[in-house]
Amino acid sequence: MVRTASAAGSRTGKVVHGTGRRIRRATSAEGAGESGLAKLIELHALNSFGDMLITVALASTIFFSVPTGEARGRVALYLLITMAPFALLAPVIGPLLDRLPHGRRAAMAMSMLARAVLAWTMAGTVAGGGLALYPEALGVLVASKAYGVVRSVVVPRLLPSRLSLVKANSRVTLAGLLATMVAAGVGGLLHLIGPGWPLRGAFLVFVVGTLMAFHLPHEVDSAKGEQRAVLHAEAHGEAAAVPKASLRTVGPSVILALRAMSALRWLVGFLVMFLAFLLRDDPIGGLQPTLALGLVALAAGTGNALGSVLGSWLRTRGSEATVTAMLLLATCATAAAALWYGVVTVVVVAAAAGVAASLGKLALDALIQRDVPESVRTSAFARSETLLQLSWVAGGAVGILLPLDGALGLSVAAGVVGLVLLWTLRSLFKVGVRRRAAAPRVA
């Protein structure tokens, strides 16, 4: 028995070691290892893993452990206590990062450390689901979104010469999605032991992440030549009638993409909240609520992964058309689901929203790379990420307030994204699809 156990342990060690080498080889490909991007990819995977463990713990307490009516009230309270203050705090994140250009590694480490402390604290209160849980969840949310903004700012600093920004972001995003899928299973297993165990696991993950953040290259903290950027469109050929060095343009193409992506993030937030309650209260096609929710979650995750994979092949040319096409895809899928509400259409709209949001974000990143000068690019990334997070919050709020009627809710969603699509098409005809990078002017 001892020899058998020893042999099994040896084989397991070899499998783990071999898997680790393959992961490291994949993350370090095309110069990512030399530039330091591979370390960021691994850190982001760890971040996504920890966030998912916290999500599993909160969902099991707030959503799954009580009847639908009470769960809706708890989630509404969660949105009120966490999302409303976040909506006030989020706009501060970008300007704060502008003032801390030399402390990005420390900022990422602090976001990890803060979530480690909060996860450990929440492990003792999550079982009761009392009000004390919500301020702690707010702290986790703010720290997580702060990390997301810093990560978007850091990627251009670690970009290898052989990779475009869109492809680099695709790798980072895909690593996070894969880690999230694994963490969902691990979190479920830990929850079987007890409601606090996913949070204790998250504590360990974020402690490791805190240490990993300081191992990022020193270029992360470089701020050579950077200035602040304000998200303001300036038409081509027009002079910027604004004070010098106080307001800088990002160009109409970036504003077009930001508007489209805000609508897509709004749709994702809406679908998460609306379908979660709808399918639990009235499952489609006679399916069990858990199975219906699982199908939709699987479709959304697959769509996100597919969008990230497609992003690896996406060219930076025609990114305006790409983000507009993704908004068109999401609008058509949502309208179809509203007209022919059923298992197939709901799964399709979840997958379409995942693909559109993932690929659209990569197209937006490509436009920022193309049209925003390097001196203000990192600031533009910070502000755009904050805007997209607030859009998700708005969509989630609408999703929880609407009556649980599938056709009605999806019709409202289709109407919202449809209006933004018309606005985006109008702007696209004005801007056109530029096939080569222009030299953006800075006021």
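Q: What is the average pLDDT of the protein chain?
A: The chain averages a pLDDT of 77. Of the residues, 70% score at least 70.

Q: In which helix is confidence lowest, and in which is it highest?
A: Confidence is lowest in helix α1 (residues 2-27), with a mean of 56. It is highest in helix α8 (residues 197-213), at 93.

Q: Where does pLDDT stay under 50?
A: Where pLDDT is low, the predicted coordinates should not be read in detail. Residues 234-248 stay under 50. The model has 27 contacts beyond four places in sequence for them. Residues 435-443 also stay under 50. For that stretch the model has 21 such contacts, beyond four places in sequence.

Q: How many salt bridges does the structure hold?
A: It holds two. To find one, look for a side-chain nitrogen of Lys or Arg within 4 Å of a carboxyl oxygen of Asp or Glu.

Q: Which residue forms a salt bridge with Arg115?
A: Asp51 does, with the closest N and O atoms 2.9 Å apart. This pair links distant parts of the chain, 64 residues apart. Arg115 is in helix α5 (residues 104-123), and Asp51 is in helix α3 (residues 37-64).

Q: Is Arg115 buried or exposed?
A: Buried means under 20% relative accessible area. Arg115 has 0%, so it counts as buried. Asp51 is buried too, at 18%.

Q: What separates Lys361 and Asp365 in helix α12?
A: About one helical turn, because they are four residues apart in helix α12 (residues 343-371). Lys361 is buried at 11% relative accessible area. Asp365 counts as buried at 2%.

Methods: Residues numbered from 1 in each chain as written. Predicted model: local features only at pLDDT ≥ 70, side-chain atom pairs only at ≥ 80, totals over all residues. Heavy atoms only, no water. Helix = DSSP H or I, 4+ residues; strand = E, 2+ residues; numbered from the N terminus. Buried < 20%, exposed > 50% of the residue type's maximum accessible area, 1.4 Å probe, protein only. pLDDT = per-residue confidence, 0-100. Contact = heavy atoms within 4.5 Å.
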